[in-house]
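Work through the exercises below with the sequence and the model side by side. Try each task before reading its solution.

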Amino acid sequence: AAAAQTAAELIAEARATARRGDGDRADSLLKQAEQGLPGEALMLRGNIAMHVRKDVEGGMALFRASIAADATRWDSHYFLGRALADQERWDEATASFAASAELDPTKLTVLLDLGKAQAASGGFEDAAATMLRAAALDVHSSQALLLLAQTAVQRRELEAALRAYEDVTELLPWHAQPFLQLASLRVSLVASGVPERAAMAAAAAARPGAPSVCELRDAARALQPSIAVPEAVRRSCESGRLEGSKVVVPGTEFDDDIAIRDREAVAAQAKAVAEGPCHFLAAFPSLASRASTTASEPSSSSGPACVVRLPAGRALRLRHAEGDRSGVLVPGGAHLTVEADGGAEGRRAVLDAGGASRLFVVGANATLTLRRVTLRGGRSLLSGGGALLLLP
């Protein structure tokens, strides 16, 4: 135990020394630590060899020695895979990344690099499955699905590319660029002159709830008005060769007069709830100004609840104080009730997304209760929904 502790101290000192730029001193300390913690010490020496001394072969030999000393280190397998991938030794890199992912399946970067290596070695189906595993690790990120789409395009797996871009725009509809990437892909398939590809684009457009190319363009513009539209998409929409758009860019055509006019009162109320159960509404003054707290929701087993009461018979636009368009995130474990005032017999209130892709994004184990409230204006084009996004 004493030797292991000494080795841990040496490794901690070596890490600090390396951060100061003294690679030789760090390597010397790590050599001393090898007796107590050989796997970690050799792995770190491999990184010094690779990135400080630019000794690729020496670094790979140290990574292999680390794995021989402790085969359970996911990071040693991963760094060896990176070195092999840099040399385009894809089969070997795939094996190293796969071993790393098996040891720790929660590392997003490992899965992404494994997917890239699998695709480069010709195993697109395996790569697609790996990238979908990576996407499931972080439902807030579009990185894995975009990588899948781009890889599918490069490998000419066009049906898979269409599906991946559709998934990005469906699951993460607050990013503008994927809408245009999907539109561009569909236009290119139509313009290719290859009947099979044109049929593929037609099938994608015919899927239930699927938007037209021009709707995809307008959705991107609604999210990012200054975005550059690809020339092929612009020409297709202007020529009328593709179906026109039914997307309504958010405007001021609905009643927005119910927001509290006293900005100081709004700010004071938002500040008052910022530390309590309504803290996640702090960026939405029009909701925070109408929020109060209760001891608990009747449907909840524990914990205080946040209650927002909207004027019955009126419409309120969801406004983020900083212009963000991702809607209200109800964090895990929180309890939010949004209801129209006026009692059980009162009229409904309307909450409009005001340009947000979803009105509410509901975290795991969170509770959202709606009473006599109509939600409108979310823009999940592919499903036709857009009011709520429930996170697993």
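Angles under 35 degrees count as roughly parallel, over 145 as roughly antiparallel, 65 to 115 as roughly perpendicular, and the rest as oblique. The model is predicted: local features need pLDDT of at least 70, side-chain atom pairs count only at pLDDT 80 or more, and totals for chains, interfaces and linings use all residues. Numbering starts from 1 along each chain as its sequence is written, and side-chain values use heavy atoms, without hydrogens and water.

**Exercise 1.** Determine how helices α2 and α3 are oriented to each other.

Step 1. Locate the helices, which are DSSP runs (H or I, at least four residues) numbered from the N terminus. Helix α2 covers residues 23–33 and helix α3 covers residues 38–51.

Step 2. Read the geometry. The angle is about 160°, and the axes lie 9 Å apart. Axes are lines fitted to C-alpha atoms over the stretch in contact, and angles run from 0 to 180 degrees between N-to-C directions.

Step 3. Classify. α2 and α3 are therefore roughly antiparallel.

**Exercise 2.** Find the residues through which α2 meets α3.

Step 1. Apply the contact criterion: heavy atoms within 4.5 Å.

Step 2. List both sides. Gly-23, Ala-26, Asp-27, Leu-30, Lys-31 and Ala-33 of α2 meet Pro-38, Ala-41, Leu-44, Arg-45 and Ile-48 of α3.

**Exercise 3.** Describe the buried side of helix α10.

Step 1. Pick buried residues (under 20% relative accessible area, 1.4 Å probe, protein chains only). Among them are Leu-158, Leu-162, Tyr-165 and Val-168.

Step 2. Find their partners. The buried residues of α10 pack against α9 (143–154), α11 (177–191) and α12 (195–206).

Step 3. Buried residues make up 45% of the protein's 392 residues.

Methods
Helix = DSSP H or I, 4+ residues; strand = E, 2+ residues; numbered from the N terminus. Buried < 20%, exposed > 50% of the residue type's maximum accessible area, 1.4 Å probe, protein only.
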